[in-house]
Amino acid sequence: KLSGTTDGMPIGFDAPIDVVDVMKGLRTVAQTGKPSRSAFQFIAYDAETDTSLIKCRPLTGRQHQLRVHLQFIGFPIQND
């Protein structure tokens, strides 16, 4: 579930992910990272709560990949 609408959200996203802090589990999109790809599909928008439900699918298996990619493209997971 995301805040707002998904207008402009890409269907797929391909960006390398690197570890920022192993102990805290922090990761970010960085050219020095490992290749990672994610796919996104819009499911529904709820105007009452101004939230969107999307289906996310990691195409590679990086830790926290979906949340890192969504945050980077400007669609962070709600309450994350």
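A helix here is a DSSP run of H or I with at least four residues, and helices are numbered from the N terminus. The model is predicted.

- Four strands make an open sheet, in the order E1-E6-E5-E2, and their pairing is antiparallel.
- Strands E1 (2–3) and E2 (12–14) are the edge strands, since each pairs on one side only.
- In general, the strands of a sheet pair through backbone hydrogen bonds, either parallel or antiparallel.
- E1 and strand E6 (residues 51–58) run antiparallel and are joined by 2 bridges.
- Which residue in E6 is the bridge partner of serine 3? The partner is threonine 51.

**Helix H1 and its cover**

- H1 lies across E1, E2, E5 and E6, and runs at about 70° to E5.
- Which residues of H1 are buried? They are Gln65, Val68, His69 and Leu70.
- The cover over these buried residues includes E1, E2, E5 and E6, along with strand E3 (17–21) and strand E4 (26–29).
- Glycine 74 follows H1 and has a positive phi, near 90°.

**The nonpolar core**

- The largest nonpolar core holds 12 residues.
- Val68 and Leu70 are among them, as are Leu2, Phe13, Phe40, Ile54 and Phe75.
- Leaving aside neighbours within four places in sequence, phenylalanine 75 is in contact with Leu2, Thr5, Thr6, Asp7, Gly8, Met9 and Leu70.
- Of those contacts, Leu2, Met9 and Leu70 also belong to the core.

**Serine 38: buried or exposed?**

- Serine 38 lies in strand E5 (residues 37–46).
- Serine 38 has a relative accessible area of 1%, so it counts as buried, the cut-off being under 20%.
- Its side chain makes a polar contact with the side chain of histidine 69, at 2.7 Å.
- Histidine 69 is one of the buried residues of H1.
- Beyond four places in sequence, the contacts of serine 38 include Ile11, Gly12, Phe13, Arg57, Pro58 and Leu59.
- Gln65, Leu66 and His69 are also in contact with serine 38.

**Arginine 67**

- Arginine 67 is found in helix H1 (residues 65–72).
- Arginine 67 has a relative accessible area of 36%, so it counts as partly exposed; that class runs between 20% and 50%.
- With which side chain does the side chain of arginine 67 make a polar contact? It is that of histidine 64, at 2.9 Å.
- Arginine 67 touches Ile77 and Asp80, not counting residues up to four places away in sequence.
- Cysteine 56 and arginine 67 are 11 residues apart in sequence. In space, their C-alpha atoms are 9.7 Å apart.

- Aspartate 50 is not a glycine, yet its phi is positive, near 50°.
- Aspartate 50 lies in the loop between E5 and E6.
- The relative accessible area of aspartate 50 is 38%, so this residue is partly exposed.
- Asparagine 79 is not a glycine either, and its phi is positive, about 60°.
- Why does asparagine 79 count as exposed? Its relative accessible area is 78%, and exposed means over 50%.

Terms used: Residues numbered from 1 in each chain as written. Predicted model: local features only at pLDDT ≥ 70, side-chain atom pairs only at ≥ 80, totals over all residues. Heavy atoms only, no water. Buried < 20%, exposed > 50% of the residue type's maximum accessible area, 1.4 Å probe, protein only. Contact = heavy atoms within 4.5 Å. Polar contact = N/O pair within 3.5 Å; in protein donor to acceptor, adjacent residues only side chain to side chain. Core = buried A, V, L, I, M, F, W, Y, C linked by side-chain atoms within 4.5 Å. Pairing = 2+ DSSP bridges. Axes fitted to C-alpha atoms, helices over the stretch in contact; angles between N-to-C directions.
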